[in-house]
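Let's walk through it one region at a time.

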Amino acid sequence: MKKTTGPKFSPSEYHRYLMDNTVPSMHYSGADPVKWQRRLRAKIRELVGAFPDERIPLIPNVLWKKKNPFGSIEKMVITSEKNSDMPMYFCSPKNSSPPYAVMICVQGHSSGMHNSIGLSFGNESKSIHVEGDRDFAIDCMKRGIAALCIEQRSFGERAEHRQKVAGNGCHDAAMHSLALGKTLLGERVFDVDRGIDYLALRGDVDMKRIGVMGDSTGGTISMFSAALLPRISFAVPSCYFCTFRDSIMSIYHCVCNYAPGIIKYAEMSDVMGLFAPKPVVIVAGKTDPIFPISATRSAFCELRKIYKDFGAENNCHLVVGEGGHRFYADKAWRCMLKEFRIQGSPFEINEDTRANCKSQNQRR
Ligand SMILES: [Zn+2]
C-alpha cells in the first residue's frame, strides 16, 4: 500500500531527519589517533562549557568519621568553586594500606551519594539495602580499593531546595547552566576534577591509580570525566555507553545528559575513545530499555577500533549483565581488578578471571 505523507508537524521527526543527515565531523577515521584525540578533546571541552579559570582553596571540612566492616568512612565538605560546595565520603579499605588506589563513585538519578556507602539519607547511622549493586564504595573497600563518593549537583544533598522545581531536580539547573554558556554535565565533570584535587591533598592516595565509576547518569559523568580529565587512569561507565543516536536522541532522557552541538562532531564511541589507551570496562544490561544493547555492541566495536590503533585492544572491555538498567558488580570487577592489579589484595585476579574477561569480549 502506498504510504501517504501528511504535514510534517513533529519537531522530533524533524530532528531525526537532521540527525540522519549529519555526519559527525570529528568521528574517528583512523588517521593519526593522538592528534585526533587532542583536537576532539578540545572540542568536547568547549561543548560542555569552560571550567572556571581559577581553582580556589578546597578548604576541606571533615564532618564525621566512622568504622565500617570493610574499613572506615569520612564525610567532608569541600569548596568546588566559589559559591558551590560539595559533600563527599572518603572510604579507606582495611585490607590494604596506603598509598591507596581510589575509585571516584558517582551515582545516577537517585537520592544521592549515600547509596554508594549503603547508609540512609539523612541518617548515616542506619544501613540500607541498595538495589542494583549501586553501593559502589562498599564493593571498592571489599576489594582493597579506596573510594571517593561525590555528591553531584542536583542530586542528594545538592538537590535544589531554593524553589519548587518542575519535573526532576536537574531541570532548572541544567537549563540555567545552558543560558550561562555552561552545562550541568560539564559542571559535574569539574566537580570530579576537584575531587581529584582533594585526593592529591590527602597524601595517602596513589595518584597514578585513580578510577571513576558510576551507573546511568553516573555512567555519563564517568565517561566524560575519563575523556576530559588526564589524572583518571581507569573507567567503569555503566548503563550509559551506547550511541547518542539510539539512546539520548531516541528515548526520553533527563536534560542533564546533553551537550550543545555534540551530534555535529562526535558519536559516543569517539568521546569514550578519548580515554584510549587507558583501561575501560563498559558495563551494560542486556534488557536495558533506555540504552539498547544492540547499539551498545555496535558502539563498542567502534571504540575497539580506536583502542586497537593505540595497540591497546586488550584494555577495552564490555561486560553485559543479564538484566536491565543497573550495575553488575561481579562481572565489572572481574575485569577491572585485572587492570588495577592490587598487590596483596585477597581479591587479586587469577588466571580464571583473565579467561572470563577474554571470553566476555569475544562474545560481544
Ligand atoms: Zn538529570
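What follows is a tour of helix packing, a few loops and the cysteines.

Some ground rules come first. This is a predicted model, where local features need pLDDT of at least 70 and side-chain atom pairs count only at pLDDT 80 or more, while totals for chains, interfaces and linings use all residues. Residues are numbered from 1 along each chain as its sequence is written, and side-chain values use heavy atoms, with hydrogens and water left out. Helices (H or I, at least four residues) and strands (E, at least two) are DSSP runs, numbered from the N terminus.

Start with helix α5 (residues 170-179) and helix α6 (residues 184-202). Their axes are 8 Å apart, and the two pack at an angle of about 95°. Axes here are lines fitted to C-alpha atoms, for helices over the stretch in contact, and angles run from 0 to 180 degrees between N-to-C directions. So what do we call that arrangement of α5 and α6? The two helices are roughly perpendicular to each other, going by a scale on which angles under 35 degrees count as roughly parallel, over 145 as roughly antiparallel, 65 to 115 as roughly perpendicular and the rest as oblique.

Now zoom in on where they touch. Cys170, Ala173, Ala174 and Ser177 of α5 meet Leu184, Glu187 and Arg188 of α6, with contact meaning heavy atoms within 4.5 Å. Sorted by class, this contact has four nonpolar, one polar and two charged residues. The classes work like this: Ala, Val, Leu, Ile, Met, Phe, Trp, Tyr, Cys and Pro count as nonpolar, Asp, Glu, Lys and Arg as charged, and the others, Gly among them, as polar. The buried residues of α5 are Cys170, Asp172, Ala174 and Ser177, and the buried residues of this helix pack against α6. Buried means under 20% relative accessible area, exposed over 50%, and partly exposed in between (1.4 Å probe, protein chains only). Just after α5 comes Gly181, with a positive phi of about 80°.

On the α2 side you'll find Arg41, Ile44 and Arg45, which meet Phe224, Ala227 and Leu228 of α7. The residues of this contact split into four nonpolar, no polar and two charged.

For a well-enclosed helix, look at α11 (residues 329-340). Nine of its 12 residues are buried, so α11 is largely enclosed by the rest of the structure.

On to the loops. Most residues other than glycine have a negative phi, and most peptide bonds are trans. Which residues go the other way here? Ile59, in the loop between α2 and β1 (61-68), has a positive phi of about 45° although it is not a glycine. Ile59 is also exposed, at 60% relative accessibility. Asp133 sits in the loop between β6 (123-127) and α4 (136-142), and its phi is positive too, near 55°. Asp133 is partly exposed, at 25% relative accessible area.

Two prolines deserve a click as well. Pro98 and Pro99 are joined by a cis peptide bond with omega about -5°, and Pro99 falls in the loop between β3 (84-93) and β4 (100-106). The bond from Ala276 to Pro277 is also cis, with omega near 5°; Pro277 is in the loop between α9 (268-273) and β10 (280-285).Pro24, in the loop between α1 (11-20) and α2, is buried, with a relative accessible area of 18%. Leaving aside neighbours within four places in sequence, Pro24 is in contact with Ile263, Lys264, Tyr265, Ala266 and Glu267.

Finally, the cysteines. How many disulfides are there? The count comes to zero, a disulfide being a pair of cysteine sulfur atoms within 2.5 Å. For Cys91, the nearest cysteine sulfur is that of Cys149, 4.3 Å away. Cys91 is buried, at 0% relative accessibility. Cys301 has its nearest cysteine sulfur in Cys316, 9.7 Å away, and Cys301 is partly exposed at 34%.
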